[in-house]
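Colleague: I have this model open and would like to go through the side-chain contacts with you. Can we start with the rings?

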Amino acid sequence: MELMREWNRTAVMEFILLGFGNGPGCQMIPSVLFLVIYTVTVLGNTTLVLIIRVNSRLHTPMYFFLMNLSLLDLCFTSTIAPKAMASFLSGSKVISYNGCATQFFLFCLFLTTEGFLLATMAYDRYTAICNPLLYPVTMSKWVCIQMVVGSYICGCVNSMLQTGFTFMLHYCGCKEIDHFFCDGPPLNSLSCSDTYINDLVTFTLCGLIIASTALIVLISYIYIISTVLRIRSAEGRHKAFSTCTSHMLVVTLFSETTAFMYTQPTWLSSLYPRKAVSVFYTFVFPMLNPFIYSLRNKDVKEALRRTMGHKSLTK
């Protein structure tokens, strides 16, 4: 009997993603909006990856990291967007238990990896501006590959821990997730187990990751700013700052939204529009990243013009 009771507590085979509500407008408007944003995200990030790949002048560490950021944004958004749009359009909001666990694992993996990759990009800018003579040695191709792989390893470790703790909980009764994808806090709120340990693990891991990556970025930019201010020519200062402003904007937006979502107490998080904030870092930021980096970057714009000009001549 005890085994049967335990089975009834844990035998949840599927969840229901509530999304943004049950009304017709609550389904159609998000589906159209997500489709437009996802299409722009795929086109923008794919274009940026292809531009970097086909232009030899962009085969530098900075653009290597930027290309990996675009690939990461594609994977990150694709983890959530197709299922969300399918749920909105078909009306079927059901997601299997294994599907939910897989989506949550990939979401944590790509989100954490992006945080570490942004910190790596800040270190790259620090090395390029503060130690230009050692830059080719310090940021060799092999070192850049190791840094990207290390970012994914850190993301994988965090994702395995978060997913393991979350799906070890017992789920019984209500299976409705008040979100448009499988995220930790909404899943914890469904559990009939004590979630104190899970909340503590989430707060500790997310706090350590955000604090460590933010510290790397902060220290890097303190050195960068102090070095740039010592440059005598205004043109030199402008050129140095122009390579950093885009990255600073992306890091600020990413850090603030993730910190807001995952480092506040559970009782406080229910008072804020979690789903609205989630839309920004799962959809809007991956869409904006290629435009932020390319519109403020002369090298990328010049490479795009050369690529388009070459295609026109070929035709």
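Colleague: Which residues do the ring pairs link into a cluster?

Modeller: Ring pairs link Phe-34, Phe-76, Phe-107, Phe-180, Phe-181, Tyr-281 and Phe-283 into a cluster. Rings of Phe, Tyr and Trp (its six-membered ring) pair if their centres lie within 6.5 Å, and planes under 30 degrees apart count as stacked, over 60 as edge-to-face and the rest as tilted. Please keep in mind that this is a predicted model, in which local features need pLDDT of at least 70 and side-chain atom pairs count only at pLDDT 80 or more, while totals for chains, interfaces and linings use all residues. Residues are numbered from 1 along each chain as its sequence is written, and side-chain values use heavy atoms, with hydrogens and water left out.

Colleague: How many aromatic pairs does that rule give?

Modeller: The count comes to 15 aromatic pairs. One of them is Phe-76 with Phe-107, which is stacked, with 5.7 Å centre to centre and 25 degrees between the planes. Phe-76 lies in helix H3 (residues 61-90) and Phe-107 in helix H4 (residues 97-130), so the pair ties together parts that are 31 residues apart in sequence. Helices (H or I, at least four residues) and strands (E, at least two) are DSSP runs, numbered from the N terminus.

Colleague: Switching to cysteines, which ones form a disulfide?

Modeller: Cys-100 and Cys-182 do, with their sulfur atoms 2.1 Å apart, where a disulfide is a pair of cysteine sulfur atoms within 2.5 Å. With -130 degrees about the S-S bond, the link of Cys-100 and Cys-182 is left-handed. The pair links distant parts of the chain, 82 residues apart, with Cys-100 in helix H4 and Cys-182 in the loop between strand E3 (176-177) and helix H7 (184-190). The count for the model comes to one disulfide.

Colleague: Where do these cysteines stand, buried or exposed?

Modeller: Cys-100 counts as buried at 0% relative accessibility, and Cys-182 likewise counts as buried at 0%. Cys-206 is in no disulfide, and the nearest cysteine sulfur, that of Cys-108, is 7.6 Å away. Cys-206 is buried too, with a relative accessible area of 13%.

Colleague: What about charged pairs, how many salt bridges turn up?

Modeller: A search of the whole structure finds two salt bridges, a salt bridge being a side-chain nitrogen of Lys or Arg within 4 Å of a carboxyl oxygen of Asp or Glu. Glu-14 forms one with Lys-175, where the closest N and O atoms are 3.9 Å apart. That pair links distant parts of the chain, 161 residues apart, with Glu-14 in strand E1 (residues 14-17) and Lys-175 in the loop between helix H6 (141-166) and E3. Glu-14 is partly exposed, with a relative accessible area of 31%, and Lys-175 counts as partly exposed at 31%.

Colleague: And what does Asp-124 form a salt bridge with?

Modeller: Asp-124 pairs with Arg-125, the closest N and O atoms being 3.1 Å apart, and both Asp-124 and Arg-125 are buried.

Colleague: Back to E1, what sort of sheet is that strand in?

Modeller: Three strands form an open sheet in the order E2-E1-E3, with mixed pairing, and two strands pair if DSSP finds at least two bridges between them. Strand E2 (94-96) and E3 stand at the edges, each with a single partner strand, so one side of each is left without a neighbour in the sheet. E1 and E2 run antiparallel and are joined by three bridges, whereas two bridges join E1 to E3, which run parallel.

Colleague: Which residues sit across from Ile-16?

Modeller: In E2 the bridge partner of Ile-16 is Val-94, and in E3 Ile-16 stands opposite Glu-176.

Conventions. Buried means under 20% relative accessible area, exposed over 50%, partly exposed in between (1.4 Å probe, protein chains only).
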